[in-house]
Amino acid sequence: MRIPLAILAMLAAAAFAQQDPQDAKVAAAISSDPVLRAAGEEMARARILRTLGESIFYIEVSADDAETFGVSATLGSAFAPQKSRMRPLRVAVRVGGTNFDNTNSIYSDYYSGTRYDPDSLPLDNDALALRDTLWLSLDRAYKMAVEALGRKAAAVRGITATDTLPDFWDSPGRILMEEPRKVRIDEDAWTNRVKALSLVFSRYPEITSSTVEFETSQGTFYLLNSLRTVVRTPDRLGMLRIRASQQAPDGMVLYDGAVVQSLDPSQMPADAELRKATESVAQNLAGLAKAPIGEAYAGPVLFSGAASAQIFGEVMGAHLSVMRRPVSDPGRPVPVPVSEFDGRIGMRVLPEWMDMVDDPTLKEYNKAPLLGHYEADLEGVFPGPVTLVEKGNLKALLTTRQPVRGMTGANGRARLPGLFGLKTARISNLFVKAQKTETDEQLKARLIDMVKQQGKPYGMLVRKMDFPSAGTVDELRRISGRAGRSGGGGRPVSSPVLLYRVYPDGREELVRGLRFRSLTTRNFRDIVAAGAQEYQFDFMDNGAPLALMGAGNYIVGCSVVAPSVLFEELELEAAGEDLPKPPVVAPPALTAPK
Amino acid sequence: MRASVLTAKAILFTSVAMMTGAAPPQKTPPQPPLIDTLVRELDRNLAEFKAKADPAPYFIAYSVTEEESDGISARLGAVTARGRSQRRLLDCSVRVGSPQFDNYHMLEGDRPRFAAATPIPVEDSPDAIARAAWRETDRAWRAASQRLMRVKSSAQLRTGNDKSLADFSTEKPATDIQTVPRYKFSMDDWAPRLRKLSAAFGDYSGVINSSVSLTWRREVKTYVSSEGSRLQHGRNFYRVMITANAKAYDGNDLSVMESFEAEDPSRLPKDDAIAAAIKKAGADLTQMLKAPPADPYVGPAILSGRAAGVFFHEIFGHRVEGHRQRDETEGQTFSASVGKSVLPEFLSVTFDPTRKSTETTDLNGWYTYDDEGVAARRVGLVDKGILRTFLMSRTPIAGFPESNGHGRRQPGLEVVARQSNLIVESSKQVSDAELRKMLIAEAMRQNKPYGLYFEQVTGGYTTTRRAGLQAFTVIPLVVYRVYTDGRPDEMVRGADIVGTPLASFGKILATSNRAEVFNGYCGAESGSVPVSAASPALLVSEIEIQRKPETKDMPPLLPRPRAEVGR
């Protein structure tokens, strides 16, 4: 069916005009930007779509305009630098109403027709070409929405819904137009730097494989929605990633990684710090290869320094994002990760002397830059600080536009793309605070006391977790397989990299080959003590289990600031896999200059 | 299950060849440092494995494929994608046991895979490359020794008449270091040209999506083996590709495409030739939108040269790939046909990877060495209708103990026998006009109101296995009804050619006197490889078409955006 052109033109002109003062502001804001203007024009046209009997109550267009550069090297020689420019496009169309719409169904992302729309905007700012792509994208999104709503309505017909939550949370319209910011990346200098860093490993001939990778992305995030929100913000990142693996004499495959990152690619740490990070990976592996294999353990475990921030970011971070079970056909199960915090607002999740706040508005903490700062999320919601845990009790969850139990609105944490027509909530800058603290030395002394009281030969101390994981996809598969058998909502938890036995005399002994039998949010209630010193851990989350390095195609920065913490009891067990035999042939001698 | 797919569209890059006059690959004596590093590591691994391992390898080979590529796509006057990349992939082949029975032994559809396409640095410094080769050799040897044990015990429990067949043929090692040309070419110059050219699709209101792109790829292959082969060879692929899509009122998806290939960018078409192709694509699509849907039909037809090329590639080419004659899950249509008539006696079929072009067109399927280091050579497969041989890799089959240079693969997969440049020759040629008269006469003889003319096809697929039907499909894009009563030809849409192979060959009546080339990529168990098929147009007495499987979704609900809306 065709809509007469005259009506169209009128509607388009009226779309962001007089009805509301905000409309005029939106029209003014988008008029200067070719991408936003094209989005505004095509959104205005799409809003009148009623052809299939359902009208649209929410439309959102967002896009990234990114220029990327990446280079990696091993043992002093470079892989080819990779450069690209892209403009990935995301559109969301909702039909039905805020109480019951096309999202949160297993059919929400399903399109039965032929897809004609490209998944990116043209790279040139050609008005007609931009609009042409948006036209096809919104057309498909509308058809998908109508079909999904119908299927969802049919699916709920035969069931008494236990989930009576609405489907959409509104937010006030707001305009933020920032100028794109870009710094020059000296590609040759980075290529040389990466090569030089990768040469560190030539002094460790036992290491079987190693890579040093630099990646940078600079661009602009665009968003326009029908709630009269306009966003244009710079979006930049620089990241150096170091990964290596080695086989212990008994065949056990050991790996470690380190990532150094910055939201301003021109502010990457100096060479000395990058070299230190690279050396630490090599030295960790050298130490581990010589370390004995650990034995099963149940007892107190001290997470020291960044390891504590790592588990707060990984375990608490994952469960603070609640995903509702999507509507499915009766009797057809949908495997979605379950949050242990769903429906638990008001209950105790930490000791009563601990608090937890997530605050994306902060750009730095104690003069150190924070990685989780952003202005607006992927749904055009502007975030503020959220007190998640107060005096040990869960006060709030991280939310997107999808309503969840116990919360009343979107708090702007839609940071990653998601399934079922939704986005995924993620932490930003997570601060873990303890009101009752001890020095790190006192914590270790307390661990020893507990060990002695319990008559154990030693306690356990973790200094580094494999999070984000530097392991392989195969390794992740093994860990995920085990996770299904050990609680925690079936979510895998990373393994310790640097794990030490602490003997009653204070001596520390590195061990390898152990994993947590189960490490869930429940264990955090039984934290017995926390340190006075705060540690910051920055990482890139990509939505993959263990935030596996290199997985996912959308990444966001997160920072966690936390003190060392002592858990009353955790269980560690041997990884228990058959070990591969060491290679038959000795590695080739290295010739590179030492 | 699809055993193989031929398509011009699915893969971005294609190929061609050089005519006389273009710089041929020059032979240069110095051994590249990459070969030095690989040979050193190969010798070291082989010696240590022989001393320490059981079963010890009797053969090790390394292949490195270096690919450099660049491309620009444009749509309606704007650049939509630009991407360069460069990479080097290492594959390792380790054979344990003996050439008579080794870890590659074929066993009822159980396909061995030892290659892994491991990325290695593009710089030639030895440390990183030696390490990667060492790791890969170790990994491949483990997998090889495991599979040898498994196939040995399985083979003992099976009957079968192929126990005397060896698993690996004896070939002479080759040493040949070629310099792969690097042509002077500016991709940036093409951005404004592609913008301008692609904008022309804006004149056709029914076109929903369109693209005009230029891609370039340079491929250098390095191969060293414990038998002593030392090879470096490769080629360039330049391709201009035009595609456009539309949707008929009843949901029928329509598409047209055209491509131009060249090895040397100076042989790419000029802008006016590309503009003319865009104009034809736009006009064909516009006409197709108004065309009636095709009805299921059995009757005479002409397949244009390009359509005939795809037809032969699917129904014949895939069935003469050597390894299929050994795999008992395969249909083995022609296994026992050597020396017998398989095609009309006026037809001959050759596969010629040494031929870089026809009189009119560069060919996609040429190479100088195959992926087992065997020199490419012309293979006369069918001579005056009689089957003479098969396409051979180093996997012997009964009566054919040696390779004929058709062992091919994409990085990361294992070599099998594959097609190269398929060339159909005919001794029963008539002019295009005469062929058309013969079509009308044949239709009248069969009391059909019309015959069909298949002008353009996009590709096809076939199943060669016993478990599936022995069938093929060729997917036409532009099809006409040629009426017997003198009415003008009428375009129809939404037809696929279907049939069974043996039945189809007997129905070829005559051919035209003008060969056309279909250049594309063939996908099968060893991955995607560049191929071409050249054939004169064919007149067949009976062809069957079926309706395409179709979605029935609506065309876009709103009209295409226009410049004046919203201003």
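User: Let me start with one pair. Which residue in β4(B) is the bridge partner of Thr65(B)?

Analyst: Leu89(B) is the partner of Thr65(B). Keep in mind that this is a predicted model. Now place the pair in its strands. Strand β3 (residues 57-75) of chain B and strand β4 (residues 78-98) of chain B run antiparallel, joined by 18 bridges.

User: How is β13(B) paired, and with which strands?

Analyst: Follow the bridges on each pairing. Strand β12 (residues 347-351) of chain B is joined to strand β13 (residues 379-383) of chain B by three bridges, and the two run antiparallel. Phe351(B) faces its opposite residue, Val379(B), in β13(B). Strand β14 (residues 386-387) of chain B also pairs with β13(B), antiparallel, over two bridges. In that pairing Val382(B) stands opposite Leu387(B). β13(B) and β14(B) form a hairpin with two residues between them, and Lys384(B) in its turn has a positive phi of about 45°.

User: Where does Arg228(A) lie, and what is its phi?

Analyst: Check the loop, then the angle. Arg228(A) sits in the loop between β7 (207-225) and β8 (229-247) of chain A. Its phi is near 70°, a positive value in a residue other than glycine.

User: Which peptide bonds here are cis?

Analyst: Look at omega. In chain A, the bond from Phe467(A) to Pro468(A) is cis, with omega near -10°. Pro468(A) lies in the loop between β20 (459-465) and α9 (473-483) of chain A. In chain B, Asp54(B) and Pro55(B) are joined by a cis peptide bond, with omega about -5°. Pro55(B) is in the loop between α1 (33-52) and β3 of chain B.

User: On to helices. At what angle do α5 and α6 of chain A pack?

Analyst: Two packed helices are described by the angle between their axes and the distance between the axes. Helix α5 (residues 187-198) and helix α6 (residues 271-290) of chain A pack at about 35°, with axes 10 Å apart. Their crossing is right-handed.

User: Which residues make the contact of α5(A) with α6(A)?

Analyst: From α5(A) come Trp190(A), Arg193(A), Ala196(A) and Leu197(A). From α6(A) come Asp271(A), Leu274(A), Arg275(A) and Thr278(A). By class, that is four nonpolar, one polar and three charged residues.

User: How many salt bridges does the structure hold?

Analyst: Side chains of opposite charge can pair when their charged atoms come close. The structure holds 86 salt bridges over all chains. One of them is formed by Glu187(A) with Lys83(A), and their closest N and O atoms are 3.2 Å apart. Glu187(A) is in helix α5 of chain A and Lys83(A) in strand β3 (residues 82-86) of chain A, so the pair ties together parts 104 residues apart in sequence.

User: What does Gly513(A) touch?

Analyst: Locate the residue, then list its contacts. Gly513(A) is in the loop between β22 (508-511) and β23 (514-516) of chain A. Leaving out residues up to four places away in sequence, Gly513(A) touches Met252(A), Glu573(A), Ala574(A) and Ala575(A). Gly513(A) and Leu288(A) are 225 residues apart in sequence, yet 9.3 Å apart in space, C-alpha to C-alpha.

User: Where is the pLDDT below 50?

Analyst: Where pLDDT is low, the predicted coordinates should not be read in detail. Chain A has a mean pLDDT of 91, with 94% of its residues at 70 or more. Residues 1-18 of chain A fall below 50, and this stretch has 31 contacts in the model beyond near neighbours in sequence. Chain B averages 88, with 91% of residues scoring at least 70. Residues 8-26 of chain B are below 50, and that stretch has 81 contacts beyond near neighbours in sequence.

Notes: Residues numbered from 1 in each chain as written. Chains lettered and ligands numbered in written order. Predicted model: local features only at pLDDT ≥ 70, side-chain atom pairs only at ≥ 80, totals over all residues. Heavy atoms only, no water. pLDDT = per-residue confidence, 0-100. Contact = heavy atoms within 4.5 Å. Axes fitted to C-alpha atoms, helices over the stretch in contact; angles between N-to-C directions. Helix = DSSP H or I, 4+ residues; strand = E, 2+ residues; numbered from the N terminus. Left-handed = near helix turned anticlockwise from the far one by under 90°. Nonpolar A, V, L, I, M, F, W, Y, C, P; charged D, E, K, R; others polar. Pairing = 2+ DSSP bridges. Salt bridge = Lys/Arg side-chain N within 4 Å of Asp/Glu carboxyl O.
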